[in-house]
Amino acid sequence: MGRNSLQALSLIITALSLFIFIIAIAVDSTTVVSLAEDFWSVDPRVSQEQFNRDMTTFTVLFIIFICISGFVQAYFLEIVYSFYHFLKDRETSFNFTFDATVSYGASDVFATVDTTTPPAYDHLEFK
């Protein structure tokens, strides 16, 4: 399993946990209350009005947190995936020959420069 597939799997799990959390809110509130008690330290012995505010705050912040973490994971997945394609393109764009013998001569490697006439530096031009 490559890095991209693990990142995609993590993104799928995050989306699935958001979906399950929303279903849990709709079906049975005791699950959400126990999550709020465990993660947010919501006290069910306070007044009903305070308890409702705490539960609303927990629910909204939990959904926002899951959405933000999903967006961050999708962003990193896009970065890793584009870098993977960049490396793949770089890997296939070079033409490497794996011959044991050298197929080029010294004239191909070294540039030929005319050294008989020096360059003319007798005047300066300003533009």
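R53 sits at 44% relative accessibility, so it counts as partly exposed. That residue is a handy way into this model, which is a predicted one. The chain has 4 helices and 0 strands, and R53 belongs to helix α3, which covers residues 48-93.

**The R53 pair**
- R53 joins its side chain to that of E49 in a salt bridge, with 3.2 Å from N to O.
- Both partners lie in helix α3, 4 residues apart, or about one turn of the helix.
- E49 comes out at 56% relative accessibility and so counts as exposed, while R53 is partly exposed at 44%.

**The other salt bridge**
- How many salt bridges does the structure hold? There are 2 of them.
- Besides R53 and E49, the side chains of D43 and R45 meet in a salt bridge, at 3.2 Å from N to O.
- R45 has 73% relative accessibility, which means it is classed as exposed.
- D43 has 28%, so this residue falls in the partly exposed class.
- As background, oppositely charged side chains can pair when their charged atoms come close.

**The chain as a whole**
- Going along the sequence, the pattern reads α-α-α-α.
- Of the 127 residues in the chain, 14% are buried.

Notes: Residues are numbered from 1 along each chain as its sequence is written. This is a predicted model: local features need pLDDT of at least 70, side-chain atom pairs count only at pLDDT 80 or more; totals for chains, interfaces and linings use all residues. Side-chain values use heavy atoms; hydrogens and water are left out. Helices (H or I, at least four residues) and strands (E, at least two) are DSSP runs, numbered from the N terminus. Buried means under 20% relative accessible area, exposed over 50%, partly exposed in between (1.4 Å probe, protein chains only). A salt bridge is a side-chain nitrogen of Lys or Arg within 4 Å of a carboxyl oxygen of Asp or Glu.
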